Amino acid sequence: MSKTIESLAQEIQNKKGESIIKEAIAKAKASKEYNFFVTIDENASNDIKTNNLLSGIPFATKDNLSTKGILSTASSNTLKDYVPFFDATVITKLKELGAVNIGKTTMDELGMGGTGTTAATGVVKNPWDKTRITGGSSAGSAGCVASGIVPFALGSDTGDSIRKPAAYCGVVGYKPTYGLVSRYGLFAFASSLDHVGTLTRNVKDAAIVVDAIKGKDDKDMTSLDSSDINLVASLTEKLDNKKLCYIKEICNIEEYANPSEDLKYCLNNFKEVLKKCEQIGIEVEEVSVDKSLLAAIFPTYRIISCAEATSNYSNLTGIIFGPRGQGKTVEDIMMDHRSKGFCSLIKRRFIIGSYILQKENQEKYFKKAQKVRRLIVDKINDLFTKYDGLILPCSGSCAPKIVKIKDQKQDDILENHLAIGNFGGFPSISIPCGFLHNLPIGVNITGKVLDDANVLNIAYNLEKTMNYKNQIAKEQK
Amino acid sequence: MKYIPTIGLELHCELNTKSKVFSKAINHYNEIPNSHIAPLDMAYPGTLPVVNKEAVHKALKMALALHCEIPKILMFDRKNYYYPDLPKGYQITQMEKPIGINGYLEIILNRQVKKVLIHDIHLEEDTASMDHYDDFSLLDYNRAGVPLVEIVTEPCLHSSDEVIAYLETLRNTFKYCDISDADTKLGQIRCDLNISMQEENVEKLGTKVEIKNINSFANVKNAIDYEIKRQTAALENGKKEEITQETRRYDDETKTTISMRQKSESIDYKYFVEPNIPKIKITEEYITEVQKEVPQLPAARMQKYLLEYNLSEKDAQSLIKDKNISDYFDECVALGINPQLAANWITVNVTGVLNKEDISIKEFYLTPKMLKQIIDKINDKTISSKQAKDIFNQALEEKKEPKEFFTSDNMQISDDKKLKEIIQNILANNPSQVADYKNGKDNLFKYFVGQVMKETKGKANPNITSNILKEELNK
């Protein structure tokens, strides 16, 4: 299953593909120790056959996407018995083309966390080194694609939830422009920041899948008409006149007071990537962005996402769906359901969100965060008048050790800048660009709204300069 | 000391759209419980609201009927709170930019026009309905997501009569615009009100008391009258502290209001902009288009009927209650029928038939033009009012135009010449009676009238007959 979608499709066409689905299911079952899956659909089969490349191709779906008749828990105990009766629009579209969903992937509970360690069913382990995290929240989706179980998986991205685990697992993570892909059926975390996207092992596969799932959806008012965008057709073998910029305050080692060896390595690696860009004719320039604006990314993200999350997840009461709580009054029943159902991180964020939305705090936090979000987006859009995109390292290190998660600093600019893509709804893609301690690291390209074709084409050409395309994770002993 | 009440009103009214405001479920909740539900109405994870254009259209129409300022963009907010009848844990409503602000509604009370100031009108969704039993409650999600408009007045009303006049005018306005059936019996209209008492000639308002969720106009009146009494008594007895800023409810059994919670316990609804609904531009063209659909409103018609046509308040009220009847009346007047005559015919004869046959005036066979045929004949004295009534009934029964019944057989004889001839003949044939009459037997006059009627089979116009008779007998 290390193959691309196109080569798998070729096999299927040559009648050699009957075992592909079974093989994917078997591999998924064999990956148990990594905890990529909440549910594996052992009966999944390719009933619908079409002429599309995706016909007969197995894939995995993040557990916060609604799948008809298949358990959808968002890795939360509040939904541990929830079997939806309708499909998310992306699932409907893929099913209609003949693609086969073989399972639901483990995630940080309700999409919150970013480490892959907060799922109700346990920690997701990195396929390159099981003592390390995958990153999250699309943890299982990144892990199962990196392991070669399926050629692609669906994920969701609210802050960096596709792109960060992609970088940590050595795969491609693509978050299209906000509205390009319908959110109908995605369990809303922070509606203004939520995106559905893909995890693949190469850029072209990402283009193939998003071409299949994008489009205006009557069920999602924020979805956009993109009938004039054809991502696969926009991939060209040569680039001309492309210009990218990188932010000095994030990428220059001089900006850091006591840089770790890992950080030095990552930023060096990034400079190597920039050289490769130039080799293929991409002009790269350094730009400066006010550090206080960059430092505001994390708190801004935290405020907006927590506020929207506390409201969005108010439907989790155990009254209509989910396990019914105990208690004499309705309030007690709801309280019991929520107290027992959520992990402590979720509860903390709900309290923060609720605090932020209080009348007396709204101006100070929520409204201010929205203003800052606007300032950041305006600044980036300003850059996009001169550049085709922004190129930045995904992280200052490789995937951390599971046991060291708690020591991680949360508010590093370098660790949080990917949320820029969510603030502006910008198309944003992470591709693998090297190894640190035998673990993958990634680089991110973000472009202007609806310029997905250009962003993907740049990533597609850059990918060719490196040897990480289609790589499968191997544990180093 | 005299105390004046100041009252503000919040009225919720369900719109008569085909589907719910944010889902495709049917908007009709009085059927089998939990039968009209889309996944969104029960807040299943992953569902998203999609704004119903018809609901926006109707809310906008109402905003225009209330002479409101319309915002340039349509947007929605979330009102967050936990309650079992609110499956999402928030209600989608309009806080920042209601569909209309700063409007007014004209009402008429004691033949005086008063403008009730509208603070705002906003579009929102209804909650599920609940039935409470001793140790359990039942939820019906048919109502969850039904479109509502909430209309908030300024505190500008000063008596329960004014409030009731406002509510009745508002209800008629909903019906006139075909926005809602506005049936309080079905719970389609619900009211919250706030009331404060202040000394006469003192500008500062007294402590505001809120009374929530009153479901009939009669109870609104009862609640206001009770509160006026309660608060006045407290003020007069120097017990001002008994009036606190609180929320009360109206109790139907005792006809009193009962405290629910103090202001300090009020809920913070944590409003914020609904992120799943993009801001939608409301264009001038669209507003103009909707404005054209707003009919002449009940208050304006009331003014015309009372002040221009001089109808009684009772007649005017019964014409206005139903827009179609009012339209019918207006058409009659436009055709040149005397307004009072038209009102009489419609409120008595036409309404009688409508009630008897349980039909609307739209199903009524006689058009204003046909009614005019009858009334014209009364006016030119060709038929008596009794004959008119007969022709009215006959025309209805046989579904024919009234003019087809104006035959010589039933036409009143008003022709002076013809009647004079008949009368002269009768007098010539009854010389002795004429002589007796002239000698003072006045009651023989009736005998002559009888003879004329006999001769004409009752079709002689009585007034003309009597005039000619007098003339001839006095010769």
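Guide: What follows goes from chain B as a whole to a few of its residues, and then to the other chain.

This is a predicted model, in which local features need pLDDT of at least 70 and side-chain atom pairs count only at pLDDT 80 or more, while totals for chains, interfaces and linings use all residues. Residues are numbered from 1 along each chain as its sequence is written, chains are lettered from A and ligands numbered from 1 in the order in which they are written, and side-chain values use heavy atoms, with hydrogens and water left out.

Chain B contains 14 helices and 15 strands, where helices (H or I, at least four residues) and strands (E, at least two) are DSSP runs numbered from the N terminus. Its radius of gyration is 31 Å, well over the 23 Å that the globule rule gives for 475 residues, so chain B is more spread out than a compact globule; the radius is taken over C-alpha atoms, and the rule is 2.2 Å times the number of residues to the power 0.38. Taken along the principal axes, the box filled by the C-alpha atoms of chain B is roughly 100 × 55 × 50 Å. Of its 475 residues, 52% count as buried, a word that stands for under 20% relative accessible area, with exposed meaning over 50% and partly exposed in between (1.4 Å probe, protein chains only). Among contacts in chain B between residues at least 6 apart in sequence, 69% join residues at least 24 apart, a contact being heavy atoms within 4.5 Å.

Within this chain, Arg111(B) sits in the loop between strand S5 (100-109) and S6. Most residues other than glycine have a negative phi, yet Arg111(B), which is not a glycine, has a positive phi of about 60°. Arg111(B) is partly exposed, with a relative accessible area of 34%.

Strand S6 (residues 112-125) holds Lys114(B), which is partly exposed at a relative accessible area of 24%. Leaving aside neighbours within four places in sequence, Lys114(B) is in contact with Leu105(B), Glu106(B), Ile107(B), Cys156(B), Leu157(B), His158(B) and Glu162(B). Between the C-alpha atoms of Lys114(B) and Tyr104(B), which are ten residues apart along the chain, the separation is 9.7 Å.

Leu110(A) lies in the loop between strand S3 (100-105) and strand S4 (125-126) and, although not a glycine, has a positive phi of about 60°.

Where the two chains meet, 40 residues of chain A are in contact with 32 residues of chain B. Together they bury about 2,800 Å², 64% of it on carbon and sulfur atoms; buried area is the accessible area (1.4 Å probe) that two parts lose on being put together, summed over both. On the chain A side, Met221(A), Ser311(A) and Ile320(A) lose the most area to chain B, together 23% of what that side buries.
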